[in-house]
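Work through these exercises with the model open beside you. Try each task before you read its solution.

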Amino acid sequence: MPVSVADWLRYFAVTMLPAAVIAYFLGCSNGAVIISKYILRDDVRTHGSGNAGLTNFHRTFGGGLTLVVILIDVLKAVLAILIATHFFLGDTAFAKYWAGLFCLLGHMFPCMFSFKGGKGILSGGTIAIMIDWRIALVVWGGFLVLAVVTRYVSLGSCWAGASFPFATWFVYHDWALTLLAVFIGGLILYMHRGNIHRLLTGTENKFTLHKKS
């Protein structure tokens, strides 16, 4: 590990920074925007909630292309972490959290799509799986139970964001990793702030397998 300020700066420049940049631009490959805007010629962000996420895409378009959106958003998270761990930072938990954070930033705020992206649940859930199965069990378990029982996907998503830092601390007992987890979970909650308001006021839409007519 670096022992001086100069070593830390060099380490940041040649490992952490390129891993972050690659993860960010991989995250910018938003499946819902790419499929709707360039294949369907009908930007998903002009429909429904205006969000470039899986739920809004499915509600708007439905069909098999939803599976393509899922594949894109899963693969980019996997690639971001694999590249960080195999070429820059080593196979460590820090590398996975670091790359995961910047991949989510790219997904939520893609520079090539006017910084209007998705809410990060699918990619975030993939990142949790890549980090540790115990964290994924907490995040995905609560998400699935809440989403299935209440049919509010956003409620399950809020659980995922809120539980992520606690699950991280429980597994690793590491302040640096927990801080990164707070940023990741906080981003997810921030992107769902409108959903939280609608949940509190009873106006949130419930999930259905059928697209809107």
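Ala, Val, Leu, Ile, Met, Phe, Trp, Tyr, Cys and Pro count here as nonpolar, Asp, Glu, Lys and Arg as charged, and the others, Gly among them, as polar. Keep in mind that this is a predicted model.

**Exercise 1. The largest pocket**

Task: State how much space the largest pocket holds, and sort its lining by class.

Solution: 
- Step 1. Start with volume. The largest pocket holds about 790 Å³ of space.
- Step 2. Find the lining. It is made of 38 residues, and Leu-54, Thr-55, Val-153, Ser-157 and Phe-207 lie nearest the pocket's centre.
- Step 3. Sort by class. The lining has 13 nonpolar, 18 polar and seven charged residues.
- Step 4. Name the helices. At least two lining residues come from each of α3, α4, α6, α7, α8 and α10 (193–201).

**Exercise 2. The second largest pocket**

Task: Find which element gives the most to the lining of the second largest pocket.

Solution: 
- Step 1. The second largest pocket holds about 240 Å³ of space.
- Step 2. It is lined by 14 residues, with Ser-49, Gly-50, Asn-51, Lys-119 and Met-191 closest to its centre.
- Step 3. α10 gives the most, with three residues.
- Step 4. Check the classes: five nonpolar, five polar and four charged residues.

**Exercise 3. The cavity**

Task: Name the residues that line the largest cavity, then sort them by class.

Solution: 
- Step 1. Count first. The structure holds one cavity of 30 Å³ or more.
- Step 2. About 100 Å³ of space lies in the largest cavity.
- Step 3. Its lining consists of Leu-104, Ile-121, Gly-124, Gly-125, Ala-128, Val-139, Trp-140, Phe-143, Ala-160, Phe-164, Ile-184 and Ile-188.
- Step 4. Two or more of the lining residues come from each of α6 (121–131), α7 (133–150), α8 (153–172) and α9 (175–191).
- Step 5. α6 gives the most, with four residues.
- Step 6. By class, the lining has 10 nonpolar residues, two polar and no charged.

Definitions and conventions
Residues numbered from 1 in each chain as written. Predicted model: local features only at pLDDT ≥ 70, side-chain atom pairs only at ≥ 80, totals over all residues. Heavy atoms only, no water. 1 Å grid on protein atoms, 1.4 Å probe; cavity = no way out; pocket = protein on both sides within 12 Å on 5 of 7 lines; lining within 4 Å. Points joined across faces, edges and corners; volume = space filled by probe spheres on them.
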